[in-house]
Amino acid sequence: MNSCRMSVPEAQSAAARIMARCDALAEISESESGLTRVYLSPEHLRANARVAEWMQAAGMQTWQDAVGNICGRYEAEQPGAAALLLGSHLDTVRNAGRYDGMLGVVSAIELIQWLHDRQLRLPLAIEVVGFGDEEGTRFGITLLGSRGLTGSWPESWITHPDSNGITVAAAMQNAGLDPARIPEAARKTGDIAAYLELHIEQGPCLEEAGLALGVVTAINGARRLNCCFRGEAGHAGTVPMRSRRDALAAAAEWMVFIEQTTCGQSPLVATVGTLSCQPGAVNVIPGEVGLSLDIRGPEDAELERLLTQLLTQAEAIALRRNISFSADEYYRIAATACDKPLQQVLGDAVERVQGRTLTLPSGAGHDAIAMAERWPAAMLFVRNHRGISHHPAESVQADDVALGVQAYLQAVTQLAQL
């Protein structure tokens, strides 16, 4: 629809409002020194109320659902039609940046505002959701908001406590929600046609390519393991080098192998994030070393192949050094492929506004993981300076946001007429 293409001046004005609203949301924090807003906190409810005001001003009917997501609906040409669902999350990590999650919510509202100002309706309704919990900061459980919408909350979640011993159920009651009504947050499959999420890229790929926007192909799957090399502690001055069973030397050799091997298998990534050395004395040969392994990638088969390769090498290192190796996998999430037709629509829109597009996987998790279990889902990335995220230094440019809103609107209006 040519009538639904946002001009450059209109996009620039929209981007300025989006940036200002991200700033306004950043002021709603439990701490003055940095942005922290966790699920079902007073700050979360205040953010919901502010976002609801913006939704209503854009012509949407609003409601807070049974798990604390804030929702708005811009009706279709014919009331009761299925909806394109746009959104992201309003919760944050501790000492967060101001764009992770929030940019996607307020950008979606701005898109609706543009339609409302022109009294335009589409064959599909458009709904916007600000999910209450994506980060898992408070309870250590992620995607509570989006899994409420998909109806996939495990029963055990309501008894899970936060660091103060307050359970999810108690926190819901304190926020005026009824845990018994959690199933009411679930949406019927036919109510939603597809889910689109605009989000900052939490990595440097777009910046390195000199592009403002990119289309996500998949959200990486992940495997996390606790690993251990066990050798033999000994006196640092008396045990000859060739007689040593040094667990730390084995771990170091493996870490170098992990880095070198994974460097040649992009977009797979692998990280050793923690290291614990026992007995941990300057004059004692390390007898036991514990270390974590986190590997991620957009295809499960490739992840499994890499994991097997890394663990096989760890066993070989241990055998050669006459020590033992063990690994315990404690976390696994499958890769989530974005919907191909939606990717195409987003890619076409991005190409129209910036000349070309880039496809890339997401290394971080998003609400789209849960949503893709029920509906076609896709994501649009906006460039983020140096890829810094989960940190106050998160930074996006208004010109990039303007291009993002233009592409988002074009994709939404095209999808609403398919």
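Modeller: Happy to! Let's begin with a term: a residue is buried when its relative accessible area is under 20%. Please keep in mind that this is a predicted model.

Biologist: Good. How many of the 16 residues of α3 are buried?

Modeller: Helix α3 covers residues 102-117 and reaches 22 Å from its first C-alpha to its last, close to the 22 Å expected. After α3 comes Q119, with a positive phi near 55°. The helix is largely enclosed by the rest of the structure, because the number of its buried residues is 14 of the 16.

Biologist: Now the cysteines. How many disulfides does the count come to?

Modeller: A disulfide needs two cysteine sulfur atoms within 2.5 Å. For C228 the closest cysteine sulfur is that of C227, at 8.8 Å, so the gap is too far for a bond. C263 is in no disulfide either, as its nearest cysteine sulfur, that of C205, is 14 Å away. The count comes to 0 disulfides.

Biologist: Is C263 buried or exposed?

Modeller: C228 counts as buried, at 8% relative accessibility. To count as exposed, a residue needs a relative accessible area over 50%. C263 has 63%, so the word for it is exposed.

Biologist: Turning to aromatics, what kind of pair do W153 and W157 make?

Modeller: The count for this model is 6 aromatic pairs. In the pair of W153 and W157, the ring centres are 5.4 Å apart, and both residues are buried. Planes over 60 degrees apart count as edge-to-face. The planes here are at 65°, so the pair is edge-to-face.

Biologist: W254 and F325 form a pair too. How many residues apart are they?

Modeller: This pair is edge-to-face, with 5.3 Å centre to centre and 65° between the planes. W254 is buried at 0% relative accessible area, and F325 is buried at 10%. W254 belongs to helix α7 and F325 to strand β13, so to speak distant parts of the chain, and their separation is 71 residues.

Biologist: Over which ring does the charged end of R224 sit?

Modeller: There are two arginines to look at here. R121 lies over the face of Y74, at 4.1 Å from the ring centre. The charged end of R224 is 4.5 Å from the centre of its ring, and that ring belongs to Y331.

Biologist: Let's go to helix α9. Which elements do its buried residues pack against?

Modeller: The 15 residues of α9 should span 21 Å, and its end C-alpha atoms are 21 Å apart, which agrees. At its start, a side-chain oxygen of D339 comes to within 3.0 Å of the backbone nitrogen of L342. The buried residues of α9 include L342, V345, L346 and V353. The elements that the buried residues pack against are β5, β6, β16 and α11.

Biologist: One more: which residues does A171 touch, leaving out those up to four places away in sequence?

Modeller: A171 is found in helix α5 and counts as buried, at 2% relative accessibility. Its C-alpha is separated by 17 Å from that of A47, 124 residues apart along the chain. With residues up to four places away left out, A171 touches L40, R138, F139 and I166.

Key
Residues are numbered from 1 along each chain as its sequence is written. This is a predicted model: local features need pLDDT of at least 70, side-chain atom pairs count only at pLDDT 80 or more; totals for chains, interfaces and linings use all residues. Side-chain values use heavy atoms; hydrogens and water are left out. Buried means under 20% relative accessible area, exposed over 50%, partly exposed in between (1.4 Å probe, protein chains only). Helices (H or I, at least four residues) and strands (E, at least two) are DSSP runs, numbered from the N terminus. The expected span of a helix is 1.5 Å times one less than its number of residues. Rings of Phe, Tyr and Trp (its six-membered ring) pair if their centres lie within 6.5 Å; planes under 30 degrees apart count as stacked, over 60 as edge-to-face and the rest as tilted. A charge sits over a ring if NZ of Lys or CZ of Arg is within 6 Å of the ring centre and within 35 degrees of the ring normal. Contact means heavy atoms within 4.5 Å. A polar contact is a pair of N or O atoms within 3.5 Å; within protein, one must be able to donate a hydrogen and the other to accept it, and residues adjacent in sequence count only if both atoms are side-chain atoms.
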